Amino acid sequence: MKSKHAYYIDKWAGFGDWVENRKQDWANLNYLSKHKYHVLRAGLKLDLPFLQLALHDYNKFYPSVWIPWREWSYSKKVETPLDAKLFQDWRKAVQKHYESESHAHHYHKMGVPVEKVPIEYRIERLADHYGVYRANFKGPGKPMTLTQFWMNRRERSPIDPIAKSLIDQKLIYGV
Ligand SMILES: [Zn+2]
């Protein structure tokens, strides 16, 4: 039988994991809220429907997506068999995210031709890219505005030409 002492040491170690997981939840939530906030603002500038933007990435909050995502993004990644499992679970979560969400690159990953994707989802890609940029931005200096970001990325952006042209109309020509 374990000594009382050892029992509490084990318990304390378990508590450490619990705290670590909550820290990761917090980091994940913090990132996602920043991302969603900037997607919303950018999307409104692009005249996308509010509901569409409010639902952006909603399924990242499902436990079956949230937990593998959190574990993969925030755990200390070292080359061990355990991490291969973490990676696999994360890939599964990514797949699940793709299959149940609307933005255009998800259709793309599923092999749907771009012409079958509603134009507002194709434009939403820019809001998504900008939201990633802003959520990761740590300085120095000020972050680019949406228009600056677009001018900077336009050429190498994977967004389709028709959506590109509509984005130009909004951001560059103000139509
Ligand atoms: Zn997103």
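**Exercise 1. Where is Asp57 found, in a helix or in a loop?**

Solution. Start with the ground rules. The model is predicted: local features need pLDDT of at least 70, side-chain atom pairs count only at pLDDT 80 or more, and totals for chains, interfaces and linings use all residues. Residue numbers start from 1 along each chain as its sequence is written.

- Step 1: Asp57 lies in the loop between H2 and H3. Helices (H or I, at least four residues) and strands (E, at least two) are DSSP runs, numbered from the N terminus.
- Step 2: check the backbone. Phi of Asp57 is near 60 degrees, a positive value in a residue other than glycine.
- Step 3: count neighbours. Asp57 has 16 other C-beta atoms within 10 Å, so Asp57 is partly exposed. The cut-offs: a residue is buried if 20 or more other C-beta atoms lie within 10 Å of its own, exposed if 12 or fewer, and partly exposed in between, with C-beta atoms placed from the backbone.

**Exercise 2. Summarise the chain as a whole.**

Solution. 

- Step 1: the chain holds eight helices and zero strands.
- Step 2: of its 175 residues, 19% count as buried.
- Step 3: take the contacts with a separation of 6 or more. Residues 24 or more positions apart account for 62% of them. Two residues are in contact if their C-beta atoms, placed from the backbone, lie within 7 Å.

**Exercise 3. How do H1 and H3 cross?**

Solution. 

- Step 1: the axes of helix H1 (residues 4–45) and helix H3 (residues 63–74) come within 10 Å and cross at roughly 100 degrees. Axes are lines fitted to C-alpha atoms, for helices over the stretch in contact, and angles run from 0 to 180 degrees between N-to-C directions.
- Step 2: H1 is therefore roughly perpendicular to H3. Angles under 35 degrees count as roughly parallel, over 145 as roughly antiparallel, 65 to 115 as roughly perpendicular and the rest as oblique.
- Step 3: H1 contributes Gln24, Asp25, Ala27 and Asn28 to the contact, and H3 contributes Trp69, Arg70, Ser73 and Tyr74.

**Exercise 4. Which residues have the most contacts inside the largest nonpolar core?**

Solution. 

- Step 1: the core has 15 residues, and those with the most contacts inside it are Ala42, Leu46, Ile123, Leu126, Ala127 and Ile167. A nonpolar core is a set of buried Ala, Val, Leu, Ile, Met, Phe, Trp, Tyr and Cys residues joined through C-beta atoms within 7 Å.
- Step 2: H1, helix H6 (119–136), helix H7 (146–153) and helix H8 (161–171) each supply at least two residues of this core. H6 gives the most, with four.
- Step 3: follow Leu46. Beyond its neighbours within four places in sequence, Leu46 contacts Ile123, Leu126, Ala127, Ile167 and Lys170.

**Exercise 5. Is Trp150 buried or exposed?**

Solution. 

- Step 1: Trp150 is in helix H7. It counts as buried because 23 C-beta neighbours lie inside 10 Å.
- Step 2: not counting residues up to four places away in sequence, Trp150 touches Leu126, Ile167 and Leu171.
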